[in-house]
Amino acid sequence: TSEKHRFVAIRGSLDLVKAVGENGLAEQIAPSLVRTVQGALAGPDVQVAGEALNVLNRLLDYQGVASALLLGMRPLLMACLRLSKKNTIITVGANRNKKVELRDLVQTFLEKSEERGGTKAFKIIKGCIPEYISCIKKPIALLVEGDRIDQKEGTTILKQLGYEVMVTASIAEAEGAIAMEGRNIDFLLADTGPRADPVGLVDMLLQSSRQKKVATVAVSATPSAGQRDYYLEG
């Protein structure tokens, strides 16, 4: 009987989350639900904690909820940190009694909070759980520059703009790195010269991936006549 009551309670909670979410009320109920979930996470029953966290994860799918959780996120994160250290498998009744690891539910909560809550959520998560690694994939910039000082300056600027940076000293080295990494390049910043023509590198990038275009900036300290038009045409 207790199992039937537990299923009805869980099913009712999820139905409530769906109803308020579809009617645009999820943000309003988020604070009160968080207090309930926080109490469940702090309790001794890991099964109850997992079910409560699963309900919260469903609520995070709706607009505005992640932002509403920011003020009360730290106590939740501290409880999640405690649970993530337990190698515990629970049965989630809302998922047709699917067995899942409690730490996987915690990871889902962290990732959804970051994806929906943005930089503010990430900073709060990182402050409570230093080992957390961002789940948001950064765009990749390829910097082709032979001078080490310029490499450092260019890398700093590109990281500030939000890019993950790959650095090579030459076009030939860049081609080898692209072939080895097999990753899409979102932005190319290349030093140009008589023996450094980035047009061929851009062609290689387009041929080796499904990208239709690569944002490119070609820089030269000694531009020759007609070089600008050449690169624009290329």
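Me: How many helices and strands are there in the protein?
Reply: This is a predicted model, in which local features need pLDDT of at least 70 and side-chain atom pairs count only at pLDDT 80 or more, while totals for chains, interfaces and linings use all residues. Residues are numbered from 1 along each chain as its sequence is written, and side-chain values use heavy atoms, leaving out hydrogens and water. Helices (H or I, at least four residues) and strands (E, at least two) are DSSP runs, numbered from the N terminus. The protein has ten helices and six strands.

Me: What percentage of the 234 residues count as buried?
Reply: Buried means under 20% relative accessible area, with exposed over 50% and partly exposed in between (1.4 Å probe, protein chains only). By that rule, the buried part of the 234 residues is 38%.

Me: Which elements are included in what covers the buried residues of α5?
Reply: Helix α5 covers residues 73–84. Its buried residues are Met73, Leu76, Leu77, Ala79, Cys80, Leu81 and Leu83. The cover over them includes α2 (26–42), α3 (46–59), α4 (65–69) and α6 (102–128).

Me: Are α2 and α5 roughly parallel or roughly antiparallel to each other?
Reply: Axes are lines fitted to C-alpha atoms, for helices over the stretch in contact (heavy atoms within 4.5 Å), and angles run from 0 to 180 degrees between N-to-C directions. The angle for α2 and α5 is about 30°, with the axes 9 Å apart. Angles under 35 degrees count as roughly parallel, over 145 as roughly antiparallel, 65 to 115 as roughly perpendicular and the rest as oblique. Therefore α2 and α5 are roughly parallel.

Me: Which residues of α3 make the contact with α6?
Reply: α3 and α6 pack at about 25°, their axes 10 Å apart, which means that α3 is roughly parallel to α6. On the α6 side, the contact is made by Leu102, Leu105, Val106, Thr108, Phe109 and Lys112. On the α3 side, the residues are Val46, Gly50, Leu53, Asn54, Leu56 and Asn57.

Key: The expected span of a helix is 1.5 Å times one less than its number of residues.
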